[in-house]
Amino acid sequence: MKDQALWLYRSLTSHRRGQLLDKLRAEGKVPIAILFYHRIADRHPNDWTMSPEDFSRQLDWLQANYDLVSLEEAQSRIRAPLSDRPTVAITFDDGYADNAEFAIPRLVRRGIPATYFVATDFVRTGTPFPHDVEAGVQLRPNTIDQLREFSDLGIEIGAHTKSHLDMGTVDSYEQAYDEIVGSVELLREWLQRSVRHFAFPFGLPENTSQLAVDVIREAGLLGFCTAYGAWNWPASEGFHLRRIHADPGLERLKNWLTLDARKLRDDEQLPFTLGASELCPV
Ligand SMILES: [Zn+2]
């Protein structure tokens with residue numbers, strides 16, 4: 001839907017959305033949203049770049065309407081038996097150099113927590129991401145110094161594999177371990193800080209696997225993010241963190257986060273189970 005049509009659709013359904021939020025509040029079942037962005041910059045606009053002005057507008061709207069919390073606080077709200085506060089956590093994927101100039105200063109200035117997932121091979125070598133090269137744009141990844149600086153500013157750094165591999169294609173334990181635990185260990189070494197979360201590259205169900213989830217568990221991480229485009233309902237395990245793509249713009253974000261009935265579906269068939277006996281301690 002185009003922005004104008006989306007705005008109209010949201011306006012026409014706003015009463016129903018408000019009623020639903022009231023009902024969920026009363027029941028203590030307000031879901032928690034986790035957003036993911038990629039790159040905030042004023043050059044090379046593409047589907048995963050947002051202008052600094054648009055990003056600021058999103059932050060204005062989010063700050064006016066939601067508690068903006070860290071990923072760890074989002075997890076504790078997901079695990080709590082009751083949730084009555086609209087809550088959003090912000091994450092970034094991949095690790096683009098331009099975020100040092102635009103995204104991170106804006107988040108820090110506003111005191112908004114964020115988790116920043118990077119694929120370590122690109123940080124280490126400075127080479128652009130294959131998905132950008134394919135699209136004909138060469139964009140710089142972050143340097144280790146930039147990640148240290150983000151971390152010193154209170155931004156949590158998380159792992160996003162070494163090579164930005166589609167983990168759904170990996171069936172060797174050694175390779176899964178190297179991509180997941182290898183990237184976590186490298187970040188720990190670079191930053192001298194704990195690294196507690198992982199985000200799957202691409203992040204759709206077919207890009208995840210039982211093997212990868214088992215390795216994440218084994219590594220003792222606090223949780224992992226996918227890009228399932230779904231809410232996180234309270235009173236649930238809070239280890240698998242479902243995220244919503246925020247790059248497509250403010251009108252789409254407003255539509256999602258004001259409880260579009262079309263987006264309130266349950267999980268599709270997941271390619272992994274978390275195992276009730278292994279639920280992560282809160
Ligand atoms: Zn990615």
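Predicted model: local features only at pLDDT ≥ 70, side-chain atom pairs only at ≥ 80, totals over all residues.
A residue counts as buried when its relative accessible area is under 20%, as exposed when it is over 50%, and as partly exposed in between, using a 1.4 Å probe and protein chains only. Residues are numbered from 1 along each chain as its sequence is written, and side-chain values use heavy atoms, with hydrogens and water left out.

Let's start with the whole chain. It has 11 helices and 10 strands; these are DSSP runs (helices are H or I with at least four residues, strands are E with at least two), numbered from the N terminus. The radius of gyration is 18 Å, close to the 19 Å from the globule rule for 282 residues, so the chain is as compact as a globular protein of that length. (That radius is taken over C-alpha atoms, and the rule is 2.2 Å times the number of residues to the power 0.38.) Along its principal axes, the C-alpha trace spans about 50 × 50 × 35 Å.

Now zoom in on the zinc ion. Asp94 (OD), His160 (NE2) and His164 (NE2) coordinate the zinc ion at 2.0 to 2.2 Å. Asp94 sits in the loop between β5 (87–92) and α5 (103–110), while His164 sits in the loop between β7 (156–159) and α9 (173–191), so this pair ties together parts that are 70 residues apart in sequence. In sequence, the donors follow the spacing D-x65-H-x3-H. Donors here are N, O and S atoms within 2.8 Å of the metal (3.2 Å for Na, K and Ca), and water is not among the atoms, so sites may look incomplete. Asp94 and His164 are both buried.

Next, look at two helices. Just after α2, Gly28 takes a positive phi of about 70 degrees. For α3, the buried residues include Pro52, Phe55, Ser56, Leu59 and Leu62.

Those helices lead us to a pocket. Both α2 (14–27) and α3 (52–65) supply at least two residues each to the lining of the second largest pocket, and α2 gives the most, with 4 residues. This pocket has a volume of about 250 Å³ and is lined by 16 residues, with Leu21, Tyr66, Leu257, Thr258 and Leu259 nearest its centre. Its lining has 9 nonpolar, 5 polar and 2 charged residues.

The largest pocket holds about 320 Å³ of space. Among its 18 lining residues, Phe36, His38, Trp48, His245 and Asp247 lie nearest the centre. A pocket is found on a 1 Å grid over the protein atoms alone, as an open set of points where a 1.4 Å probe fits, with protein on both sides within 12 Å along at least five of seven lines; lining residues have an atom within 4 Å of a point.

Finally, Ser209 is in the loop between β8 (197–199) and α10 (210–218). Ser209 counts as buried, at 12% relative accessibility. Ser209 and Gly168 are 41 residues apart along the chain, yet their C-alpha atoms are separated by 5.5 Å.

Technical notes:
Points joined across faces, edges and corners; volume = space filled by probe spheres on them. Nonpolar A, V, L, I, M, F, W, Y, C, P; charged D, E, K, R; others polar.
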